[in-house]
Amino acid sequence: MTGIIFGMNIVLTAAALMMLYGMTREMQYTGEIPYQSLIQLYEMIAYFEFALVMFIVPALTAGAVSGERERQTLDLLLSTKMNCSEIIIGKLEASFRTILTVILSGAPVLSLVFIYGGISGIDFITLFLYYVMTGLFTGSMGLMLSALFQKTSAATAVTYVILLILNAGTAAAVYLSYQVSYVQYMNSTDYAVYPSAGRWIYLLLLNPAVSFYHFITGQAGSGREFEKMAAGLGTRIHPFMENYWTEISVAIQILCIVLFICVAARKINPLRGCIFKSLTSEKQDVTMS
């Protein structure tokens with residue numbers, strides 16, 4: 001993990017220094033400060049760290065429970081005074097501490113945007129809170145699959161397949177719906193109907209990458225990039241959904257986090273079947289008596 005932190009910060013620092021050098025050269029020739037370049041640096045680092053959280057956290061959590069099974073230490077862990085929920089939450093917390101260190105290590109480079117302004121301190125804090133939410137979402141998903149699968153390799157592979165479906169699959173489904181509508185439009189004589197992805201675009205609420213795009217363009221962009229993207233798909237999103245797209249997506253992620261933790265805790269609970277059997281046997285005894 002030390003190598004990951006070192007390598008990430010080397011890349012971020014090199015990119016930041018190159019962009020600052022280009023800004024300085026431009027200032028010397030034009031006498032103007034290219035604020036947009038610094039905002040682009042902020043966006044670039046933000047996207048890089050988001051991808052880091054999205055794809056590293058599952059690798060840390062996908063083997064948390066299945067690894068215990070492979071080492072045959074899960075039964076010992078379940079024999080402690082901790083309940084199943086505490087074990088799962090503890091595993092998630094332990095894995096997330098590592099990625100939180102990686103995120104915070106990039107803060108000095110990301111804070112270069114404060115040299116010329118454009119991003120407020122609240123935006124900076126909100127960005128890191130978004131990273132925390134993304135890490136909890138992907139981490140809890142990895143934990144659930146780690147509890148469901150016996151092997152770490154299988155849990156890791158399925159986790160990344162699901163993330164690929166959520167990010168690329170939902171976007172492909174929305175684009176495909178637009179293309180189908182476009183073909184129907186080209187073959188139709190009713191020119192009052194335009195091609196549109198329709199309500200399929202709301203499937204992107206499940207897409208963490210699109211929601212982050214909406215979030216970061218609201219901070220560093222004009223705020224209309226998401227609207228233009230929807231317009232390119234021939235769709236006009238409801239104003240409420242457009243204004244609170246990030247909040248709705250985060251709310252869905254929170255519900256998923258709770259669901260993932262509950263499923264993982266129930267899966268490792270050795271009494272889940274015994275309780276059901278005991279209740280069934282009690283009912284049979286009552287019926288026979």
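The model is predicted, so local features need pLDDT of at least 70 and side-chain atom pairs count only at pLDDT 80 or more, while totals for chains, interfaces and linings use all residues. Residues are numbered from 1 along each chain as its sequence is written, and side-chain values use heavy atoms, leaving out hydrogens and water.

**Helix 5 and helix 12**

- Helix 5 (residues 84–105) and helix 12 (residues 245–268) have axes that come within 8 Å and cross at roughly 125°; helices here are DSSP runs (H or I, at least four residues), numbered from the N terminus.
- The axes are lines fitted to C-alpha atoms over the stretch in contact, with angles from 0 to 180 degrees between N-to-C directions.
- Helix 5 and helix 12 are therefore oblique to each other (angles under 35 degrees count as roughly parallel, over 145 as roughly antiparallel, 65 to 115 as roughly perpendicular and the rest as oblique).
- On the helix 5 side, Cys84, Ser85, Ile87, Ile88, Ile89 and Leu92 meet Ile261, Ala264, Ala265 and Ile268 of helix 12 (contact means heavy atoms within 4.5 Å).
- By class, this contact has nine nonpolar residues, one polar and no charged ones (Ala, Val, Leu, Ile, Met, Phe, Trp, Tyr, Cys and Pro count as nonpolar, Asp, Glu, Lys and Arg as charged, and the others, Gly among them, as polar).

**Lining of the largest pocket**

- Helix 7 (121–148), helix 9 (208–220) and helix 12 each supply at least two lining residues.
- Helix 7 gives the most, with four residues.
- The lining divides into five nonpolar, four polar and one charged residue.
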